[in-house]
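Me: Could you take a close look at a single part of this model for me, and then connect that part to its surroundings? I work on the computational side, so please keep the residue names and the numbers in.

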Amino acid sequence: MDTSKRFDKGNGGCPKIQCEANIDVLCQSCASGVVTAAHRVELRATEPCLFGKGGTCCRNCNMGPCQIIEGVDQMIGICGADASTVAARNFARIVAGGASAHIDHSRGVVMAFLATAKGETPYAIKDEDKLRETALRLGIVPNGKDKNDLAIEVGTLLINEFGQQSGRLLFAGRAPKPRQELWARLGVMPRGIDREVVELMHRTHMGVDQDYRNILFQAARCSMADGWGASMIATELSDIMFGRPAPIRTKVNIGVLKEDEVNVTVHGHEPVLAEALAMAANDPEIIAEAKKVGARGINLAGVCCTGNEILMRRGLPIAGSFIQQEVVLATGAVEVMVVDVQCIMQGVSPAANRYHTELITTSERAKMAGATHIQFEEHRALDVAREILRRAIERYPRRGEHYIPIYQADVVAGFSHETINYILGGRFRASYRPLNDNIANGRIRGVAAIVGCDNYRVFDEIHVELAKELIANDVLVVVTGCAATGVGRAGLLNPTALTMAGPGLREVLEAVGCPPVLHMGSCVDNSRILVALTEMAKIGGLGSDISDLPAIGCAPQWMSEKAVAIGQYFVTSGAAVVFGPNFPTSGSRVVTDYCMKDMQNLYGATWDVAQTPNEFANKMIDKINEKRRALGLDKKKERVLFDMAMRRELGSPGAALHDVGCHGPG
Ligand code: BF8
Ligand code: SF4
C-alpha cells in the first residue's frame, strides 16, 4: 500500500478512489473538469512532512515552528522541549479537537431536545420507554411524570454536565465497576465535558505541562468526556427524540441517486437537520411542487455520518462516504447538497459550482465560499427544510448532462445496543447472555469494531478486506461511520454475506437472520459500542471488565481528529485499538512505546498500528485469542489463513439465504 500517494499514475491520469462507483463516475465526468481530492493528492508537489506526520513539529509559540528529532541534542525545541513532550502535546491536541467536535454536536442535540420537550420544535419525544430508562439511569424517578416534563428534567441535568467543574459525568457510572474504580485511581474520570477540553488546551500551551505521561493522562480524561459524556448523551437523546434504531433495509452507494426525482444530499453530522428534511420531503405540498416540475418526488440521500443517522432511523439511503462526497456531485445529478458541520471538504463548493447543484450551508459555525447560507434553527426546522427543498425543486429542470452509476448495495442497518439485545436474546429475554455464551463455547471467537474514516491517502478498501477476513475467522464485526458505508458498498451489511462467515458465526447468525457485520451508526454512535461492551462485561462469563473481553477496535483509514479521540476513549475503557495507516506520534519512540506498551499496565489495553488488511487481521485475531486464553477459553480453534484466491472467491456474496430475519420493513 502506498500511503503517500492515493492512486497510481499508470491509469491515463484518471484517479481511482477505493471503489468502482467512484472510478466510474470520475471517468464519465472527466470532461467536465471537476477536481476531487484524489486529483489534488496527485497535483500536490510535496509529500507529507515527516515532522508533521510523526507529531514532532511544534508551532505552539512564535519562537518556532521547531522540528524535533528524538535523541538529537541539537534538534530539540528552542524552549528546550524534547520529542516526547512535543509528540504528546500534538497528540493531546488532536484528541481535544476531535472531542470538541463531538461535544459541540452533542450540545446542539441537547438544546434541540429541550426545545422539543417544551413544544418549540416540530419534533417529538418519540421513544418514551427509552426516556424513562434513561431517567432512571440518571437517578431521576420517572413514575407519574408527564413525558415532556421528564424530558426537560433529563435534558437539564445533562446540559449542566457541559459546564460542570467537579464530580464525575453521570454516564461514566454505567461502566463496569472495576473500570470506574480504575479511572478514579488513575485520575482520568471525566469531571465536566467542556472542562476537560479547555484544561487539555491549557496544559499543552507553551510552557505548561511538560511530562508526556501527565499530558497523556489528561488526553485520556478528555477522550472520556467525549465517549462516556458528549457522544453518549448525543446518541441517547437522539434515540429518545427520533426513535431508537431497529433493523431496517435500505441501500448505499452513488447509484441511489434517482434519474426522475429531485436529488437532495444531506452531508455532515447533526441529525436534527436531516430529520427535518426527511419530514419535509414527505410533505404532500412539497411532493406536489416536485411533480409540477416533472419529478416524481424528492430523493433524500445521506453523505458521511448524517447518512448513517438517517439510514439507521429512517431507512433513507446513503449516497456516499467521506471519500465519495465530491464524486456524488460529479454525477451532475444532485440538485442541492445541504451541509452542516464536520468532514465537509472545501472542495465540494467548486465541485458543486461545475454543475447546476446548489451548495447550502446551514450552521453559523460552518460557512463556505460559493455556498448559499440558510441558517437552520430547530424552532423553525420545517420552514427551513421546506425552503431548502423548494430551492432543490427549482433546480431540477436545470439538470444538464449527468451520469448516475448503477452501483448500489442492499443493506440491513440499525443495530443499536438494545437491538442486539433483542436479536440475540429474544424480545422477552433481551440479553447479551447468548452472545457471551457463544463466545464462551467458541462458535464466536470474539467481537471486532471497524470504525472511522476512509482516507484518500489509502489505496485499498481495507475495511472490506479486513471485515471479510475477520468474519471468516468467526469474529462478529460491528461497524460505524464511513467504515460502515464502505463495507455496506461491498455487500457485507446483508444477511447474504453470511456465506462468507466462518461456520460458528454463521450458525449463530443464520438462526436469527443477521448479517455478519452489524451497522451500529455514526461516529458519535461509537458510544453504543461502549454500552454493548459494558453489557457483555456485566453479564458475566467473560471476566468482569471491558479489558477482559475478547473484543478489539480498529480504525484502518483514520483521517479526522475525532477518530483519535474515539480510539483513546476505547483504550482508556479497556478495549485495544489498531490504527492505520500510521500513528500520529511515530516521531517519538518514547511516546509511541507509551501508547503501544505502557498503556497496557494502566488501562489493560493499548494502541497498535497496521497497514494491510492481513496485518490488521493478524493483530486483531491474535489479541482476541490472547483474551480467550486468559479467560480459559482456548479450546483449539484453527485460524483461517487468507490467500489471494480465497479473497477473490469471497469477492461476491454467494447464494442468497432465504427467509433470514432482521429485514425490517420494506
Ligand atoms: O464522524 S468516519 S470521515 S464522516 S470522522 Fe468524518 Fe471519519 Fe466519516 Fe463522521 Ni467519523
Ligand atoms: Fe519551539 Fe518550544 Fe515554541 Fe514549540 S513551544 S515552537 S518547541 S520554542
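Reply: Happy to. Let's start with Gln 342, which is buried because its relative accessible area of 19% falls under the 20% cut-off. Please keep in mind that this is a predicted model. Gln 342 sits in the loop between S7 and H14, and its phi is positive, about 70°, although the residue is not a glycine. Cys 343 is found in the loop between S7 and H14 as well. Phi of Cys 343 is near 70°, again a positive value in a residue other than glycine. As a reminder of the background, most residues other than glycine have a negative phi. Cys 343 has a relative accessible area of 21%, so this residue counts as partly exposed, the class that lies between 20% and 50%.

Now for the elements around that loop. Strand S7 spans 336–339, and S7 pairs with S8 in the parallel sense over four bridges. To get from S7 to S8, the chain passes through helix H14 (residues 348–353), and this β-α-β crossover is right-handed. One pairing to look up in your viewer is that of Val 339, whose bridge partner in S8 is Thr 361.

Strand S8 (residues 358–361) is covered on both faces. Glu 358 and Ile 360 lie on one side, Leu 359 and Thr 361 lie on the other, and all of them are buried.

Thr 331 is buried, with a relative accessible area of 1%. Leaving aside neighbours within four places in sequence, Thr 331 is in contact with Val 25, Ile 254, Leu 257, His 402, Tyr 403 and Pro 405.

Helix H18 (residues 462–472) is mostly covered, with 10 of its 11 residues buried; among them are Ile 462, His 463, Lys 468 and Glu 469.

Two peptide bonds are also worth a look in your viewer. The one from Gly 64 to Pro 65 is cis, with omega near 0°, and Pro 65 is found in the loop between strand S1 (57–58) and strand S2 (66–67). Gly 580 and Pro 581 are joined by a cis peptide bond too, with omega about 0°. Pro 581 lies in the loop between strand S15 (576–579) and helix H23 (589–603). For background, most peptide bonds are trans.

The side chains of Asp 226 and Ser 231 are joined by a polar contact of 2.6 Å. Beyond neighbours within four places in sequence, the contacts of Asp 226 include Gly 98, His 102, Ala 565 and Tyr 569.

Notes: Residues are numbered from 1 along each chain as its sequence is written. Chains are lettered from A and ligands numbered from 1 in the order in which they are written. This is a predicted model: local features need pLDDT of at least 70, side-chain atom pairs count only at pLDDT 80 or more; totals for chains, interfaces and linings use all residues. Side-chain values use heavy atoms; hydrogens and water are left out. Contact means heavy atoms within 4.5 Å. A polar contact is a pair of N or O atoms within 3.5 Å; within protein, one must be able to donate a hydrogen and the other to accept it, and residues adjacent in sequence count only if both atoms are side-chain atoms. Helices (H or I, at least four residues) and strands (E, at least two) are DSSP runs, numbered from the N terminus. Buried means under 20% relative accessible area, exposed over 50%, partly exposed in between (1.4 Å probe, protein chains only). Two strands pair if DSSP finds at least two bridges between them. A crossover is right-handed if, with the strands pointing away from the viewer, the path from the first strand over the helix to the second runs clockwise.
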